[in-house]
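Thanks, everyone. Let me put the structure up, and then we'll walk through some helices.

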Amino acid sequence: MKVAITTSAKMTQEKRAHAKKIADELSLPYIERKDNSLQQVWGHYETLFVWTATGWEAQNKEGNRYAYHPGTAMFRYKRWKLGEREPFIEAVDLKRGDSFLDCTFGFGSDCLMASLAVGKEGQVFAVEKSAILAFLFERSQFTTDLRFAELNEALKRIIFSQGDAVDFLKNQADNSYDVVYIDPMFEQEIEESTNFQTHKKFAATDQLTQEWVKEAVRVARRRVVLKAHFTSELFNQYGFEQLHRKSSKFHFGVLTL
């Protein structure tokens, strides 16, 4: 994938210098934007990381734009604090002090809830294959303000790495994490998810394999949890107990070890 870094038009010298510094650190090409339109700076690049007045975003030539956002985590956090059910936390059965591995981070809504559940005493690790999503998260993890101190601290505690999930698992010792979580790209689209089409443009689309499940089971101490569309055959195919939820387009599946 051919990527480069640039800025919004008419950015200050200080902000342009910041973008160039990031480009140098990551050994990525830097394009001086000046007053040029993006169409004038694309060249042969497939994706541009653009430093804007509100932070980093990724853009492709088709006009898709994506920036880090914690997804549903903020309103889920508020409901969870009020004592309402949080199906994800119930499925992964996390307790304070547990260790958790998210193999498919995306933008980490579930991972953020896991970090809240295990608290300061626990550890949350995340892997994301998409270099674009990884760039956006890593540039935002310690600067994003989610308006709640507890949520900000939970975000900062996530131990993040970019790479392939199966390769990562193969390098872990047996029984390394209490819970391993897998949320591959849904085979079926969810109509209500207005951001799904844009997300697909930048996300990894790897599907679950026997090797992936085998390695997750080896690395997990208590359980492996799968998130998939409620009609998915993955639950039966790989032996997950499907946790049915009325009126939900996605279900969780559990392999208890």
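In helix 3, residues 73-81, four residues are buried: Ala73, Met74, Arg76 and Tyr77. Buried here means under 20% relative accessible area, with a 1.4 Å probe and protein chains only. Those residues cover an arc of only 165° around the axis, which puts them on the same side of helix 3. The arc is taken from the directions from the helix axis to the C-beta atoms.

A word on the source. This is a predicted model: local features need pLDDT of at least 70, side-chain atom pairs count only at pLDDT 80 or more, and totals for chains, interfaces and linings use all residues. Residues are numbered from 1 along each chain as its sequence is written, and side-chain values use heavy atoms, without hydrogens and water.

What do the buried residues of helix 3 pack against? Helix 4 (87-92), helix 5 and helix 7. Contact means heavy atoms within 4.5 Å. Helices are DSSP runs of H or I, at least four residues, and strands are runs of E, at least two, numbered from the N terminus. After helix 3 comes Gly83, with a positive phi near 90°.

Next, helix 10, residues 210-219. Its buried residues are Trp212, Val213, Glu215, Ala216 and Val219. Down the axis of helix 10, they fall within an arc of 165°, so they line one face. On the other side, Gln210 and Lys214 are exposed, meaning over 50%. The buried residues of helix 10 pack against helix 8 (165-170), strand 8 (177-182), strand 9 (220-229) and strand 11 (250-256).
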